[in-house]
Amino acid sequence: MKNMKSTCAIQMFANCQVLNQIMCRQIVSNPFPSLMILGVAGSNGLEYIQETDVKIVYGVDINETYLKACQSRFPELKDRLRLLCRNVSDIDISLPTADYVIANLFMEYVGIDIFTMQLLKISPLHVSCVIQKNREEAFVSQSPYMNSFKEISAIHRDISETKLTDSMENIGYRFAGKEKYCLPGNKSFIQLEYTYQKIEV
């Protein structure tokens with residue numbers, strides 16, 4: 001049992017490292033003036049904001065403890081960082097507009113339909129998201145290392161790339177790219193990119 005927990009912890013650490021590398025690419029390679037991170041959690045990736053010309057970054061999460069951790073970890077961001085405690089599953093919440101949305105391992109919480117409905121409020125020019133896929137029965141390995149991954153496992157929705165792309169096209173976003181990152185334990189992160197295009201009537 002001890003060896004199993006150790007292996008799971010190593011895999012989880014590797015997953016977190018990969019996700020952080022993806023966040024670096026997402027933030028640095030898309031220099032929009034305003035950015036919204038849905039499910040900002042413990043602020044993974046915010047360290048890369050300093051390297052960009054992003055003027056405002058909205059960090060949205062349902063967990064106020066995570067948001068306080070973000071605030072304390074990045075005082076240098078000052079007024080550029082605006083943290084919002086919101087339950088995005090509630091379609092009646094208000095959200096500010098932003099040029100660019102990052103939603104990594106987020107749709108597993110809220111589902112595609114609610115995600116796209118909330119995007120209509122935010123009206124971003126570009127959307128980058130990461131979903132997790134695996135070839136095993138369990139969604140994520142059980143580990144004490146990272147609570148956020150365990151939370152996803154508890155309420156996991158399997159996200160279909162095809163359904164997501166179809167739903168995004170229905171609200172005016174064309175598919176703009178895909179990257180696959182292989183993880184330990186027959187898992188992978190799938191990064192999907194979408195760009196807004198006006199729907200012709």
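Helices (H or I, at least four residues) and strands (E, at least two) are DSSP runs, numbered from the N terminus. The model on display is predicted: local features need pLDDT of at least 70, side-chain atom pairs count only at pLDDT 80 or more, and totals for chains, interfaces and linings use all residues. Residues are numbered from 1 along each chain as its sequence is written, and side-chain values use heavy atoms, with hydrogens and water left out.

**The sheet**

Begin by selecting the strands. Seven of them form an open sheet of mixed pairing, in the order E3-E2-E1-E4-E5-E7-E6; two strands pair if DSSP finds at least two bridges between them. At the edges lie E3 (81-85) and E6 (173-183), each of which pairs on one side only. From one strand to the next the twist averages 15°.

Select E1 (34-38) next. Five of its five residues are buried, that is, under 20% relative accessible area, whereas exposed means over 50% and partly exposed lies in between (1.4 Å probe, protein chains only). In a regular strand the side chains alternate between the two faces of the sheet. Ser34, Met36 and Leu38 point one way from E1, and Leu35 and Ile37 the other way.

E1 pairs with E2 in the parallel sense over five bridges; display leucine 35 with its bridge partner in E2, valine 57. The pairing of E1 with E4 is also parallel, over three bridges, and here isoleucine 37 stands opposite isoleucine 102.

**The nonpolar cores**

Proceed to leucine 38. Leu38, Phe115 and Met168 have the most contacts inside the largest nonpolar core, which has 31 residues. Such a core is a set of buried Ala, Val, Leu, Ile, Met, Phe, Trp, Tyr and Cys residues joined through side-chain atoms within 4.5 Å. The largest share of this core, five residues, comes from H4. A second, separate core of 17 residues includes Leu35, Tyr48, Val57 and Ile102.

Beyond its neighbours within four places in sequence, leucine 38 is in contact (heavy atoms within 4.5 Å) with residues including Val60, Val88, Asn104 and Phe115.

**Asparagine 104**

Finally, centre the view on asparagine 104 in strand E4. Is asparagine 104 buried or exposed? The residue is buried, with a relative accessible area of 11%. Its side chain makes a polar contact with that of glutamine 26 (2.8 Å); the term denotes a pair of N or O atoms within 3.5 Å, where within protein one must be able to donate a hydrogen and the other to accept it, and residues adjacent in sequence count only if both atoms are side-chain atoms.

Notes: Axes are lines fitted to C-alpha atoms, for helices over the stretch in contact, and angles run from 0 to 180 degrees between N-to-C directions.
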